Amino acid sequence: MSFKDRAKGFKQDVLSDSATASSSLKQGHNPSRSTLIDVLEDAASQKSYLGMTFVEDKNRESLVSYADIADMAKAIAVQLTSKHNISVGDRAFVVCPPGVHFVAAYFGCLYCGAIAVPIMPPYDQLSSDKFQRIIEDARPSIFLTTKSYM
């Protein structure tokens, strides 16, 4: 399916979802569930909702549902708490390339109550110095990254 076809389908879904949202608000839907985790969980309950399309290069893209993002994030949260003893309020540096891994790591932190500190890896001496100052200031308990950034 081409990008234009998916975009057209997305527009139709948004219009349909807007109508559904309006009617559910009229029927007493509780809008107070407003954390990012609440939003992800609500979207994940609709198994087929596309969460993100990440274009890796002109020939490859990743399509991930909200349910998949939630599942990956929960698995990360379990690892953080059970294997690495991360507690509510601990800081976790998220040093991942843009894409699925970053989103899953960020939400994994939110699920376990850690404070996600997204940061790009250093690429020269100036950014390396800045990176070091941020580490010293934030004092992270853990770094979440990918093999490509190690």
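What is the volume of the second largest pocket? About 210 Å³, where a volume is the space filled by probe spheres set on grid points joined across faces, edges and corners. The model is predicted: local features need pLDDT of at least 70, side-chain atom pairs count only at pLDDT 80 or more, and totals for chains, interfaces and linings use all residues. Residues are numbered from 1 along each chain as its sequence is written, and side-chain values use heavy atoms, with hydrogens and water left out.

**View 1. The second largest pocket is lined by 14 residues.** A pocket is an open set of points on a 1 Å grid over the protein atoms alone, where a 1.4 Å probe fits, with protein on both sides within 12 Å along at least five of seven lines; lining residues have an atom within 4 Å of a point. Nearest the pocket centre lie Ile76, His101, Ala105, Leu144 and Thr145. Two or more lining residues come from each of α3, α4 and β5; helices (H or I, at least four residues) and strands (E, at least two) are DSSP runs numbered from the N terminus. The lining has nine nonpolar, five polar and no charged residues (Ala, Val, Leu, Ile, Met, Phe, Trp, Tyr, Cys and Pro count as nonpolar, Asp, Glu, Lys and Arg as charged, the others, Gly among them, as polar).

**View 2. The largest nonpolar core has 13 residues.** Such a core is a set of buried Ala, Val, Leu, Ile, Met, Phe, Trp, Tyr and Cys residues joined through side-chain atoms within 4.5 Å; buried means under 20% relative accessible area, exposed over 50%, partly exposed in between (1.4 Å probe, protein chains only). Leu80, Ile86, Val94, Cys109, Cys112 and Leu144 have the most contacts inside this core. At least two core residues come from each of α3 (66-82), β3 (91-95), α4 (100-112) and β5 (142-145). The largest share, three residues, belongs to α4.

**View 3. Phe93 and Phe143 form an aromatic pair.** Rings of Phe, Tyr and Trp (its six-membered ring) pair if their centres lie within 6.5 Å; planes under 30 degrees apart count as stacked, over 60 as edge-to-face and the rest as tilted. With centres 5.1 Å apart and planes at 65°, this pair is edge-to-face. Phe93 is in β3 and Phe143 in β5, so the pair ties together parts 50 residues apart in sequence. Phe93 is buried at 0% relative accessibility, whereas Phe143 is partly exposed at 40%. Phe93, Phe131 and Phe143 form one aromatic cluster.
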